[in-house]
Amino acid sequence: MYRFTKTTLTGLIGAFAMASCFMGVVRAEFPEKAIEFVIPFGAGGSADIEGRLLANAMSKVLGVPVVPVNKVGGGGAVTYTHLKNSKPDGYTIAWASTSLLTSSGIGNIPFDHSALDHLGQVEFQPMIVSVKGNAKWQTFKEFADYCKANPGKLKIANSGTGSATHIAAVAVENAMGCKVIHLPVGIKRRNATVLSGEADAAVGPLTATRRLAKAGKLRMLAAPTAERNPVAPDVPTMKELGYDADLDLFRSLAVPKGTPAAVVARLKEAMVTAANSAAFKDLAKKNGFTIKPLVGKDFDQRLAKDGAVVISIMKGAGIYKSKTK
Amino acid sequence: MIQDAALGFSQASQFSSLVATAIGVMFGLTVGMIPGMTISTGIIIVLPLTYTLDPNISIALLLGLYVAGMTGGSFTAILLNIPGTPSASATAIDGFPLKERGEAGRALGIAIVASFVGGIVSFGCLYLIAPQLADLALNFRAPDLFALVLFGLTIICSFAAKSLIKGLVSAALGLMIVTVGQDPMMGTARFTFDNVNLLSGVHFLTAMIGLFAIPELIKSICTPATLMPETQKKIGSFWSVFPRLADLKQILRPMLIGSPIGSFLGLLPGAGGPIAAFISYDYAKKSSKNPEEYGKGSIEGIAAPESANNAVTGGALIPMMTLGIPGDPVTAILIGALLVHGLAPGPLLFLERGDFAYGLIFSFFFANIFNLILALVGVRLLVKLLNTPRAFMMPTIGLLCVIGSYALRNSFFDIYVMLAFGVIGLIMRWVDMPVVPLLLALVLGKPLEEHLRVSLISSQGDYSIFLQSPFSVGFLSLAAFSVLWSLVVVPWRDRLRAKKLEGPTSQ
């Protein structure tokens, strides 16, 4: 018994010694422990489902666990604040989205997107203007003409004042050039209010609209974008209809400011590989978002462009309360 | 719809779902049995374990617990004359005398079978009514929903409070707490003092863990070490629990009274198990051929309340699933458990996730089947658990409270929130203020505000929008009626009673 214990002990010490030598060799190599993958929205929602799958795919590339953690609240503000206050070592990354721009604009975080470092975009999807399946408007033009004939009468539902869908709805309103009533009914009641007839239309992400549109309960009229989306090629864009509105819902990855360049490069590479993995592509096909990794300057451009759109729309609507210094 | 029902049935009858239901039932029988541990406390304890499970499996577990908790309460009511849950209070009236006559097994068997019948009848109601109600509720607009939530709030306050003032204070406190966090309409911060942790508000499950579990823990520290001495729980042989045919015939009528009463009262927010049990006991007694036996160990007196309190479960699931309105703390937690998985109870649940909605309904069915089998076979074993020293049980519960409140949002801050609500719960217990109105205000406060403000945005500030829809007018009248009832009719009735007692000359 005694001998056994001694042998075991020696063996253990040896193993530890070897392990620490080994770790010493690879210390420079990021990552060496689990990475926290913060999701700003609740379990079961599309941000959560997509984020979890991406985290899983990234974990396979990086060889360490990438652990999804939901930090919900304030339309993303809780997650972005947590990320900003985290150590810039690459072990905390956030599943950011257009909500970063909107929560900064409405003043729920006292900083803007430049306070974080960005790995880049993973995917995007258009936000769709939809009406009830049996509504009298067959096309967006009919809808806009009705609005012009009856200004201040049409009601458009969105997920909440200052959310990306509200910004898109205001963009649609501006493009039509007539007043509408915005109903900030929340994510869960957005489609329900159109189905009950309470709202005449809703603006919602494609992934949240597609299922009900397929079942004939909703009719997709247009997307406030420049290019037709491959997932819903039948839905005309506002640009081609002659209206000026261009705002997609993007999802991207962000890390704290000051994360070492080598770490950022490794994470970027993992992000792009994971985004193009078979599992993530399957999910994109099933749910209806478009995978389009954008890194470096390309993504900076997107942030700058979308940021300007959000700010100008918020200012126009009188809800711009940014606390950025 | 048929497809959804079939899909739901296959989900609920999966091996993993069935195992989860059975585990939930075992756990429910246990917590129901232990005096001082309510079904709410039991659900709070297992809740963190369900965060990581599939939604249909975790809901199967929780439903098993809900159903079996109602039955478990009757075990201690019969054996010790201490109802394990408030809903089993009426069962003790006849259950304990029957046990004193040496027929404990018979009493337990009757309670178990009556529970099963009540549960199955309410399953029928749930299956038939819920999809129809969901269809109807799809037409509800913001003013209708506001009126409905308001009605839910009034009826809860009038039922849950022994003292109206204390009940109202408790509810008002809940409504005030709800305003902390992001403004639901404007998206801006409200009463957060620039603390980002407060931006998402107080989660009602966090509050609930503190309000229910912490005072329970403190109380148990001040009570004796074991729950009861060995000698008090002689049940008899294994077969004594299985009811005889003659008994079954005799309890058919009280069960047929108790089951519909329970299902109906379950539908109404706020009524809940104890009230249903007493009403059906009373009614069964009044309409019985031999009412003089009631109170002395009549099996009818066990069957009526037991079928009623289990029938409440299916009834209470109807408004919870179709309208997202909880009728009692347990359904409030179930709403929270669904939301954790991103499934919002409400009319759209049947449209968008019909498979899940029917899966839930069928899990409820299986929970009742398991409850019958496991309770009949396992009651002799389960009762031994009453000897578990609290020294083992209570630290485990305390630990699970902390884990549960952290894991809900992965926020350490929420643990402090939970402990703060524990202190609030203790204070409320000391001043004898009911916590249920506070809890339900926490659940209903947000939809109340949202629907009110959406209505007014929609009507451009015109309050007459609440009088334009028949649904809204109907619910508002019900709300007014329920307030009048508890403010005017109940005190008047009490005064009248008091007068009768004092005699005509007084005053």
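B:D194 is exposed, with a relative accessible area of 71%. Keep in mind that this is a predicted model. Where does B:D194 sit? In the loop between β2 and α9 of chain B. Look at its backbone. Phi of B:D194 is near 60°, a positive value, and this residue is not glycine.

Now B:F193. Its phi is near 50°, again positive in a residue other than glycine. B:F193 is placed in the chain B loop that runs between β2 (189-190) and α9 (204-221). Buried or exposed, this phenylalanine? Exposed, because its relative accessibility is 72% and the cut-off for exposed is over 50%. Why point these out? Because most residues other than glycine have a negative phi.

On to chain A, and a peptide bond. The bond from A:F30 to A:P31 is cis, with omega near 0°. Most peptide bonds are trans. A:P31 belongs to the loop between α1 (2-26) and β1 (35-39) of chain A.

The largest nonpolar core has 111 residues. Which members touch the most others? B:F75, B:L126, B:L317, B:M321, B:L334, B:F350 and B:L360. Take B:L360. Leaving out residues up to four places away in sequence, B:L360 touches B:I59, B:L63, B:L317, B:M321 and B:L338. Two of those partners, B:L317 and B:M321, are also on the list of members that touch the most others.

Methods. Residues are numbered from 1 along each chain as its sequence is written. Chains are lettered from A and ligands numbered from 1 in the order in which they are written. This is a predicted model: local features need pLDDT of at least 70, side-chain atom pairs count only at pLDDT 80 or more; totals for chains, interfaces and linings use all residues. Side-chain values use heavy atoms; hydrogens and water are left out. A nonpolar core is a set of buried Ala, Val, Leu, Ile, Met, Phe, Trp, Tyr and Cys residues joined through side-chain atoms within 4.5 Å. Buried means under 20% relative accessible area, exposed over 50%, partly exposed in between (1.4 Å probe, protein chains only). Contact means heavy atoms within 4.5 Å. Helices (H or I, at least four residues) and strands (E, at least two) are DSSP runs, numbered from the N terminus.
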